[in-house]
Amino acid sequence: MPELRGRNGPLYRAIADALSEDIDAGRLGPGTRLPTHRELAERVGVTVGTVTRAYAEAEKRGLVSGEVGRGTYVRDREVPAHMPSPVDLAHDDSPVELGINAPATPEGDPASQALRRSLEELGRTPRLSELLGYQPAAGTTAHRVAGAAWAARFGLRAKPEQVVVCAGGHHAMEVALAALTRPGDTLATEALTYPGVKVLARRFQLRLQGVALDAHGLVPESFEAACRVGVKLLYTQPTCHNPTGAVQPEERRRKIAEVARKYGVLVLEDDAYGLLPESRPPPLATFLPEASYFIAGVSKLLTPGLRIGYLVAPARARGERLAEEVGLASLMTTPLMAEVLARWVEDGTADELVVRQRQEVGERLALTRGLLGRELPRAALAPLYHLWLGLPEGRRSEEFVAQARRNGVSVSSAELFTAGMGPVPAAVRVCIGAPRTRAQLERGLKRLREVLDAGPEPLAAIV
């Protein structure tokens with residue numbers, strides 16, 4: 001059990017530092033078998049992905065070594081971790097982050113330019129002092145009007161009184177779960193899902209039920225089987241699912257809505273990436289308007305630093321209960337940033353930034369296709385920042401992540417996304433938006449290419 005109190009920086013690095021100190025102090029001797037990724041994650045209260053990164057960091061430092069089928073062990077410092085190879089010596093030591101799912105930065109950084117203009121305008125407006133005072137928990141009327149207008153971009157019609165202004169999509173998810181569930185309720189989600197919802201499920205003491213998915217997303221028959229046992233709320237990403245990139249066809253959305261209505265299940269629809277494709281099916285919420293809550297994403301489409309997201313309640317529910325949860329946690333969402341986004345929605349800046357994101361993603365996908373072309377599944381060609389790639393038989397995702405880390409590039413293991421249904425798939429998520437420039441992305445993809453070429457025939461789609 002690593003001692004993490006008093007440590008600064010990322011959790012994965014703190015765990016690796018604690019391992020290093022325990023090894024140096026003799027508390028962990030050579031050959032000691034460490035807990036599995038899942039065991040340590042449960043003990044420390046972090047995600048499996050955090051432990052995966054911690055063990056990869058420890059392996060990079062020469063502290064531990066992993067053996068397929070046996071586990072992770074403390075190394076004897078007298079024995080090299082592995083023989084040097086051309087792959088290890090083929091690059092400098094600067095790591096490339098392809099594990100964080102961030103929006104791309106188009107050339108010229110148009111979001112920064114837009115923010116600079118907006119702040120200059122706000123500095124001249126007499127409303128500035130008003131924005132620095134307390135506001136309603138759900139947001140001002142003007143900011144909720146902007147939220148309704150933004151939700152309309154996704155194809156969802158809503159009145160301003162249905163909108164609650166939140167501090168980003170993750171906060172909107174937290175607000176919804178706090179308002180709609182109670183400890184012991186069952187939260188259904190895709191068998192592979194956004195890791196943040198797993199953390200929130202633990203926090204709110206919810207039973208997490210993974211539901212099967214295929215190339216078209218959530219499988220209605222599997223969802224109905226879960227509903228028969230008992231489900232309070234379905235969390236789903238019908239458009240540009242994270243991590244697989246799947247998009248539910250309209251007919252499937254209708255079937256899922258029918259199942260939810262039949263069993264009285266509420267739906268929380270998270271649309272973080274939905275404006276990246278130029279066309280998309282209507283939101284699932286349009287087929288279940290009386291019981292659907294919709295998160296109209298901002299961070300992955302414009303810029304994450306604004307920390308604004310819109311949570312839309314059903315017309316009958318309005319937003320009072322949701323607003324109460326915002327008020328309990330933080331009194332309100334920052335009015336200054338909400339005002340910036342409201343202006344962007346009104347004057348078309350937000351739409352221009354989405355177009356620039358779309359163009360940048362297209363360029364980055366073309367670069368990725370050139371370097372990983374034969375490994376890319378058809379779904380990976382959609383305009384998204386993340387690619388879901390399956391590993392060949394005999395290779396484990398954690399082992400691949402560690403190998404990539406040693407080669408100076410970070411990707412995410414499938415362990416991070418599993419919702420407790422069936423075996424963990426041998427797959428990784430690769431994110432192409434996080435590198436600041438295309439040159440950095442190219443360097444990272446080349447390093448990943450080296451790892452792929454160092455093993456057996458590598459990647460294939462698993463969905």
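Colleague: Hello! Over how many bridges do β4 and strand β12 pair?

Modeller: Welcome! You are looking at a predicted model, where local features need pLDDT of at least 70, side-chain atom pairs count only at pLDDT 80 or more, and totals for chains, interfaces and linings use all residues. Residues are numbered from 1 along each chain as its sequence is written, and side-chain values use heavy atoms, without hydrogens and water. Strands pair if DSSP finds at least two bridges between them; β4 and strand β12 (residues 309-312) do this in the antiparallel sense, over 4 bridges.

Colleague: Which residue in β12 is the bridge partner of Val165?

Modeller: Strands of a sheet pair through backbone hydrogen bonds, either parallel or antiparallel. For β4 and β12 the sense is antiparallel. Within β12, the bridge partner of Val165 is Tyr310.

Colleague: What is the order of the strands in the open sheet of 7 strands?

Modeller: The pairing in this sheet is mixed. Its edge strands, which pair on one side only, are β4 (163-166) and β6 (207-211), and the twist averages 20° from one strand to the next. Read across, the order is β4-β12-β11-β10-β9-β5-β6.

Colleague: What about the open sheet of 3 strands: in β16, which residue is the bridge partner of Leu387?

Modeller: That sheet has the order β13-β16-β15 with antiparallel pairing, and its edge strands are β13 (386-390) and β15 (412-413). β13 pairs with strand β16 (residues 427-431) over 5 bridges. The partner of Leu387 in β16 is Val430.

Colleague: Are α2 and α3 roughly parallel or roughly perpendicular to each other?

Modeller: Two packed helices are described by the angle between their axes and the distance between the axes. Axes are lines fitted to C-alpha atoms, for helices over the stretch in contact, with angles from 0 to 180 degrees between N-to-C directions; those of α2 (residues 37-44) and α3 (residues 48-60) come within 8 Å and cross at roughly 115°. Angles under 35 degrees count as roughly parallel, over 145 as roughly antiparallel, 65 to 115 as roughly perpendicular and the rest as oblique. α2 and α3 are therefore roughly perpendicular.

Colleague: How do the residues of the contact of α7 with α8 divide by class?

Modeller: α7 (residues 169-180) and α8 (residues 195-203) pack at an angle of about 30°, with their axes 11 Å apart. His170, Met173, Glu174 and Leu177 in α7 meet Gly196, Val197, Leu200 and Arg203 in α8. Ala, Val, Leu, Ile, Met, Phe, Trp, Tyr, Cys and Pro count as nonpolar, Asp, Glu, Lys and Arg as charged, and the others, Gly among them, as polar. The contact divides into 4 nonpolar, 2 polar and 2 charged.

Colleague: Is Cys240 buried or exposed?

Modeller: Cys240 sits in the loop between β9 and α10 and has a positive phi of about 60° although it is not a glycine. Buried means under 20% relative accessible area, exposed over 50% and partly exposed in between, with a 1.4 Å probe and protein chains only. At a relative accessible area of 2%, Cys240 is buried.

Colleague: Which residue does a cis peptide bond join to Asn242?

Modeller: The residue lies in the loop between β9 (233-236) and α10 (250-263). Omega of the cis bond is about 20°, and the partner of Asn242 is Pro243.

Methods:
Helices (H or I, at least four residues) and strands (E, at least two) are DSSP runs, numbered from the N terminus. Contact means heavy atoms within 4.5 Å.
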